[in-house]
Amino acid sequence: MPTPFVAALPIRRLTPRDLTACADLSEDRGWPREEHKWRLLLTAGKGYGIDDPGGGLVAACVITEYGPGERPDLGAIGMVLVAERHARQGVGRRLMRHIVSAVKTTPLTLYATPYGRPLYEELGFKTTGRSEMLSGSFTPGGLEPRVATRAATAEDLSSILRLDEEVFGTDRTPLIARLPAFSDQLRVAVDGGRIVGYAAAWPNMDTHVVGPLIAHDTETAKSLIVSLAAHTDRPLRTDIDIRHEELLAWAKERGLASVAMNSVMTYGLTELPGDWTRRFAPLTVAAG
């Protein structure tokens, strides 16, 4: 249970002004600061936190909601962090219960580490999938896929949004519309003049994270990764649904190594909406 001191501290909404405190909290727990990602989440999503009277944050997390604003179809929870000095006092459990209560009937999803999964199971979340984090320097080789790709233009955004909603199963416009400014690269795959996939590469510390990765099939997904890798000198990082076995094997053959496995968990629904066969990697696990 939390100490009386921590238990009495109020939970409040975070804003972009809390960016530095959130990054400090990440660093406190041994995570990268990831200020670029925090900025996106605090503007596209809703942050919740507990202030430490001594300065900084006791805890924080973010929920990104998708679908109609008055009645979201899905909420993705991420960046659940508790300061080391307040760990193992039930603070994370209290924060999660607050969010579950605040969103009422909105179904929820999150990516859980092995460390965090028991807490989420206790709260009623069920494991419905798994993802594998890969990272490394991409090395082209062999017979590379030949699906045509190009840099996305402003005129492509409406088509990207339609494809994303079809594949993800709900409208993510507030998040996806930020990709041109958030990412260093945004590319589309084209077949017969029609956009059949898209992917972004966005800066995260010393890597470029590949995500979202939405594609008609595995060959299209490969083409998008190859095209992104060709335009960066940084190592790549991505989180691939383990059901995409062919893409995982191909990426590992080209220099990306397995870093971690996460459980995809849901609350209030038995499986995620949309078409998983075309959903290869999320923008970030923190946003579902």
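The following is a conversation about how to read some features of this predicted model.

Biologist: Before we start, what do I need to know about the numbering and the pLDDT cut-offs in this predicted model?

Modeller: Residues are numbered from 1 along each chain as its sequence is written, and side-chain values use heavy atoms, with hydrogens and water left out. Local features need pLDDT of at least 70 and side-chain atom pairs count only at pLDDT 80 or more, while totals for chains, interfaces and linings use all residues.

Biologist: How many helices and strands does the protein have?

Modeller: Helices (H or I, at least four residues) and strands (E, at least two) are DSSP runs, numbered from the N terminus. Here you get 10 helices and 13 strands. The radius of gyration is 19 Å, close to the 19 Å that the globule rule gives for 288 residues, so the protein is as compact as a globular protein of that length. That radius is taken over C-alpha atoms, and the rule is 2.2 Å times the number of residues to the power 0.38. The C-alpha trace spans about 60 × 35 × 30 Å along its principal axes.

Biologist: What share of the residues is buried?

Modeller: Buried means under 20% relative accessible area, exposed over 50%, partly exposed in between (1.4 Å probe, protein chains only). Buried residues make up 52% of the 288.

Biologist: And how do I read contacts between residues that are at least 24 apart in sequence?

Modeller: Contact means heavy atoms within 4.5 Å. Take the contacts between residues at least 6 apart in sequence: 73% of them join residues at least 24 apart. Ala229 gives you a case, sitting in helix H9 (residues 218-229). Its C-alpha atom is 6.6 Å from that of Phe138, 91 residues apart along the chain. Not counting residues up to four places away in sequence, Ala229 touches Phe138 and Leu236. Ala229 counts as buried, at 14% relative accessibility.

Biologist: What does Leu40 touch, leaving aside neighbours within four places in sequence?

Modeller: Leu40 is in helix H3, and its contacts are Gly45, Leu175, Arg178, Phe182 and Leu283. Leu40 is buried too, at 6% relative accessibility.

Biologist: Let's do side chains. Which polar contacts does the side chain of Arg33 make?

Modeller: A polar contact is a pair of N or O atoms within 3.5 Å; within protein, one must be able to donate a hydrogen and the other to accept it, and residues adjacent in sequence count only if both atoms are side-chain atoms. Arg33 lies in the loop between helix H2 (19-28) and helix H3 (35-44). Its side chain pairs with that of Asp24 at 2.8 Å and with that of Glu27 at 3.0 Å. Beyond four places in sequence, Arg33 also touches other residues, including Trp38 and Met205.

Biologist: What about the backbone: which residues have a positive phi without being a glycine?

Modeller: Most residues other than glycine have a negative phi, and most peptide bonds are trans. Glu34, in the loop between H2 and H3, has a phi of about 50 degrees. Lys104 has one of about 55 degrees, in the loop between helix H4 (91-102) and strand E5 (108-112).

Biologist: Are those two buried or exposed?

Modeller: Glu34 is buried, with a relative accessible area of 6%, whereas Lys104 is exposed at 66%.

Biologist: Where is there a cis peptide bond?

Modeller: Look between Gly211 and Pro212, where omega is about 0 degrees. Pro212 belongs to strand E10 (residues 207-215).
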